[in-house]
Amino acid sequence: MIKDAINDKCDRLIVINGDSDLVPAVNAVKLITLNKKVIVYIPARNRVRDAARELRNSSDRHKTLPNNLLSKTQFPDQLTDLKGGLFENHCRGL
(Lines give C-alpha, C1' and ligand atoms only; values in the text may rest on other atoms or scores of the structure.)
Protein backbone atom coordinates (compact mmCIF):
# COMPACT_ATOMS: atom_id res chain seq x y z
CA MET A 1 0.00 0.00 0.00
CA ILE A 2 2.73 2.46 0.97
CA LYS A 3 4.92 1.52 -2.00
CA ASP A 4 2.05 1.92 -4.48
CA ALA A 5 1.15 5.31 -3.02
CA ILE A 6 4.76 6.56 -3.08
CA ASN A 7 5.26 5.32 -6.65
CA ASP A 8 2.05 7.13 -7.71
CA LYS A 9 0.38 3.89 -8.85
CA CYS A 10 -2.98 4.98 -7.46
CA ASP A 11 -5.05 7.97 -6.43
CA ARG A 12 -7.16 6.14 -3.90
CA LEU A 13 -6.54 3.09 -1.76
CA ILE A 14 -9.38 0.88 -0.64
CA VAL A 15 -8.70 -1.31 2.39
CA ILE A 16 -11.08 -4.11 3.32
CA ASN A 17 -10.01 -4.98 6.82
CA GLY A 18 -10.70 -4.16 10.44
CA ASP A 19 -7.23 -4.77 11.82
CA SER A 20 -5.69 -1.89 13.78
CA ASP A 21 -2.23 -3.12 12.70
CA LEU A 22 -2.90 -1.24 9.44
CA VAL A 23 -3.22 2.15 11.17
CA PRO A 24 0.52 2.99 10.86
CA ALA A 25 0.46 2.18 7.12
CA VAL A 26 -2.65 4.31 6.55
CA ASN A 27 -1.09 7.16 8.50
CA ALA A 28 2.16 6.84 6.52
CA VAL A 29 0.31 7.04 3.19
CA LYS A 30 -1.51 10.16 4.32
CA LEU A 31 1.66 11.76 5.70
CA ILE A 32 3.94 10.98 2.74
CA THR A 33 1.43 11.50 -0.08
CA LEU A 34 -0.88 14.42 0.54
CA ASN A 35 -3.09 13.77 -2.50
CA LYS A 36 -3.92 10.09 -1.83
CA LYS A 37 -7.18 9.07 -0.19
CA VAL A 38 -7.56 5.96 1.96
CA ILE A 39 -11.03 4.44 2.22
CA VAL A 40 -11.61 1.62 4.69
CA TYR A 41 -14.41 -0.94 4.60
CA ILE A 42 -14.74 -2.74 7.93
CA PRO A 43 -16.29 -6.23 7.77
CA ALA A 44 -18.83 -6.50 10.59
CA ARG A 45 -22.02 -8.30 11.51
CA ASN A 46 -23.55 -5.24 13.15
CA ARG A 47 -23.34 -1.76 11.56
CA VAL A 48 -23.91 -0.04 14.89
CA ARG A 49 -21.02 -1.85 16.56
CA ASP A 50 -18.04 0.43 17.11
CA ALA A 51 -15.60 -1.91 15.38
CA ALA A 52 -12.10 -0.88 14.35
CA ARG A 53 -12.34 2.66 15.73
CA GLU A 54 -8.60 3.37 15.28
CA LEU A 55 -8.60 2.24 11.66
CA ARG A 56 -11.79 4.16 10.92
CA ASN A 57 -10.31 7.32 12.45
CA SER A 58 -7.08 7.04 10.47
CA SER A 59 -8.87 6.79 7.11
CA ASP A 60 -10.27 9.56 4.94
CA ARG A 61 -13.59 7.71 4.69
CA HIS A 62 -14.91 4.50 6.17
CA LYS A 63 -17.92 2.26 5.85
CA THR A 64 -19.13 -0.97 7.37
CA LEU A 65 -19.10 -3.92 5.00
CA PRO A 66 -21.82 -6.41 5.97
CA ASN A 67 -20.40 -9.93 6.35
CA ASN A 68 -22.73 -11.30 3.67
CA LEU A 69 -20.85 -9.14 1.11
CA LEU A 70 -17.37 -10.13 2.28
CA SER A 71 -17.13 -13.14 -0.04
CA LYS A 72 -17.60 -10.81 -3.04
CA THR A 73 -14.37 -8.98 -2.10
CA GLN A 74 -12.19 -12.12 -2.23
CA PHE A 75 -10.16 -13.33 -5.17
CA PRO A 76 -11.16 -16.65 -6.76
CA ASP A 77 -9.19 -19.84 -5.97
CA GLN A 78 -7.13 -19.39 -9.16
CA LEU A 79 -6.04 -16.31 -11.09
CA THR A 80 -4.37 -16.22 -14.51
CA ASP A 81 -1.44 -13.91 -15.13
CA LEU A 82 -0.73 -12.13 -18.44
CA LYS A 83 1.37 -15.06 -19.68
CA GLY A 84 -1.32 -17.65 -18.96
CA GLY A 85 0.24 -18.90 -15.72
CA LEU A 86 -1.88 -19.65 -12.68
CA PHE A 87 -1.73 -18.16 -9.21
CA GLU A 88 -3.21 -20.31 -6.46
CA ASN A 89 -5.10 -18.64 -3.61
CA HIS A 90 -3.66 -20.45 -0.60
CA CYS A 91 -5.41 -18.15 1.89
CA ARG A 92 -8.93 -19.30 1.07
CA GLY A 93 -10.80 -20.51 4.10
CA LEU A 94 -8.29 -19.29 6.69
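Student: Hi! Where is Lys36 found?

Tutor: Hello! In this predicted model, Lys36 sits in the loop between α2 and β2.

Student: And is Lys36 buried or exposed?

Tutor: Buried: Lys36 has a relative accessibility of 3%, and the cut-off for buried is under 20%.

Student: OK, what is Lys36 in contact with, leaving aside neighbours within four places in sequence?

Tutor: Its partners are Ala5, Asp8, Cys10, Asp11, Leu13, Val29 and Asp60. For Cys10 there is a polar detail too: a polar atom of the Lys36 side chain lies 2.6 Å from the backbone oxygen of Cys10.

Student: Let's zoom out. How many helices and strands are there in the protein chain?

Tutor: The protein chain has four helices and five strands. Going along the sequence, the pattern reads α-β-α-β-α-β-α-β-β.

Student: What share of the residues counts as buried?

Tutor: That would be 26% of the 94 residues. As for the surface, the chain exposes about 7,100 Å², with 51% of it supplied by carbon and sulfur atoms.

Student: Which residues make up the largest nonpolar core?

Tutor: There are twelve: Ala5, Cys10, Leu13, Val15, Val23, Val26, Val29, Val38, Val40, Ile42, Ala51 and Leu55. Two or more of these residues come from each of β1 (12–16), α2 (23–32) and β2 (37–44). As background, nonpolar side chains tend to be buried together in soluble globular proteins.

Student: You listed Ala51 there. What is Ala51 in contact with, beyond four places in sequence?

Tutor: Ala51 is in contact with Ile42 and Arg56.

Student: And Ala52, where is its place?

Tutor: Ala52 belongs to the loop between β2 and α3 (53–58). Setting aside neighbours within four places in sequence, Ala52 is in contact with Gly18 and Ile42. Its C-alpha atom is separated by 9.9 Å from that of Thr64, twelve residues apart along the chain.

Student: Switching to the surface: which residues form a nonpolar patch there?

Tutor: Ile2, Ile6, Leu31 and Ile32 do, and together they have about 390 Å² of accessible area. Both α1 (2–6) and α2 give two or more residues to the patch.

Student: Why does Leu31 count as exposed?

Tutor: Because its relative accessibility is 68%, and the exposed class starts over 50%. Leu31 has its place in helix α2.

Student: Last one: among contacts between residues at least 6 apart in sequence, what share joins residues at least 24 apart?

Tutor: For the protein chain, that share is 47%.

Notes: Residues numbered from 1 in each chain as written. Predicted model: local features only at pLDDT ≥ 70, side-chain atom pairs only at ≥ 80, totals over all residues. Heavy atoms only, no water. Core = buried A, V, L, I, M, F, W, Y, C linked by side-chain atoms within 4.5 Å. Buried < 20%, exposed > 50% of the residue type's maximum accessible area, 1.4 Å probe, protein only. Contact = heavy atoms within 4.5 Å. Areas by Shrake-Rupley, 256 points an atom, 1.4 Å probe, with all protein chains shown as cover. Patch = residues over 30% accessible without salt bridge, like charges linked within 9 Å, V, L, I, M, F, W, Y side chains within 5 Å. Salt bridge = Lys/Arg side-chain N within 4 Å of Asp/Glu carboxyl O. Polar contact = N/O pair within 3.5 Å; in protein donor to acceptor, adjacent residues only side chain to side chain.
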